[in-house]
Amino acid sequence: MATWALLSFQDSASPSSEQLIFFYDFTMVILTFVTALVSLGMIYLVTKKLTHKFLLQDQKIELFWTLAPVFILLVIAFPSLQALYMLDDPFSPTITLKAIGHQWYWSYEYSDFPNLEFDSYMIATHENPLHRLLETDNSVVLPTDTKIRVITTGADVIHSWTVPSLGVKADAVPGRLNQMIFMINRPGIFYGQCSEICGSNHSFMPIKVEATPISNFLYWVSNTN
């Protein structure tokens, strides 16, 4: 795998993840431009010894460096609000999954299918060295191109249900329900981990999501029940 692939985001598998990556790239372009402009200005001031009173104390330059940051923040704010709206779009979900964090494993309940619930534990590294600390004995199976809602809560301490490829992350807080709404746009296997420091075995409660077409998902449900 290329070094750049290890440093960049995971390949997106949902519209919300694509929106987050776009917003990140858009913001980085602005930050790079601002950093380069300020650095060049400082170098020019030092090397050319620009100390003219009309440059350092003129009202026009003061007006510019006051209004320019305001304009930049407004340019960043609009796509930011769009991304926030997509992440919390209140559409009616087709499937609801409840994820309950324990020390240190996950329990899942499919609210739309009675008696469909199971625990998910990490598989030991020597049993599956390819995906170290990520493989589980039971996977979360979800359909593609379907509106999905994941409700999280904690049974003991605060956990966090996070799958980077899907662009979802929410704390699982005891006594409280948090929700994530998303849609998976391609089949595949996507990994995540608890991203809240929840105890000594915090790094040993991974998340494995298997995305499959709706027909395969219904077949899995019928055989699981």
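**Surface, cysteines and a strand residue**

Author: F9, Y24, M28 and L31 form a nonpolar surface patch, with about 370 Å² of accessible area together. The model is predicted: local features need pLDDT of at least 70 and side-chain atom pairs pLDDT 80 or more, while totals for chains, interfaces and linings use all residues. Residues are numbered from 1 along each chain as its sequence is written, and side-chain values use heavy atoms, leaving out hydrogens and water.

Reader: Where does Y24 lie?

Author: Y24 belongs to helix α2 (residues 15–48). Its relative accessible area is 40%, so Y24 is partly exposed (buried is under 20%, exposed over 50%, partly exposed in between, with a 1.4 Å probe and protein chains only).

Reader: How many disulfides are counted?

Author: A disulfide is a covalent bond between the sulfur atoms of two cysteines. The criterion is a pair of cysteine sulfur atoms within 2.5 Å, and the count here is zero. C194 is in no disulfide, its nearest cysteine sulfur being that of C198, 3.9 Å away; C198 is likewise in no disulfide. C194 is buried at 4% relative accessible area, and C198 is buried at 5%.

Reader: Is S107 buried or exposed, and with which side chain does the S107 side chain make a polar contact?

Author: S107, in strand β2 (residues 105–110), has 9% relative accessibility and therefore counts as buried. Its side chain makes a polar contact with that of H102 at 2.9 Å (N or O atoms within 3.5 Å, one able to donate a hydrogen and the other to accept it; residues adjacent in sequence count only if both atoms are side-chain atoms).

How values were computed
Patches are made of residues with over 30% relative accessible area and no salt bridge: like charges are joined within 9 Å, nonpolar side chains (Val, Leu, Ile, Met, Phe, Trp, Tyr) within 5 Å. Accessible areas come from the Shrake-Rupley method with a 1.4 Å probe; for residues, only the protein chains shown count as cover. A salt bridge is a side-chain nitrogen of Lys or Arg within 4 Å of a carboxyl oxygen of Asp or Glu. Helices (H or I, at least four residues) and strands (E, at least two) are DSSP runs, numbered from the N terminus.
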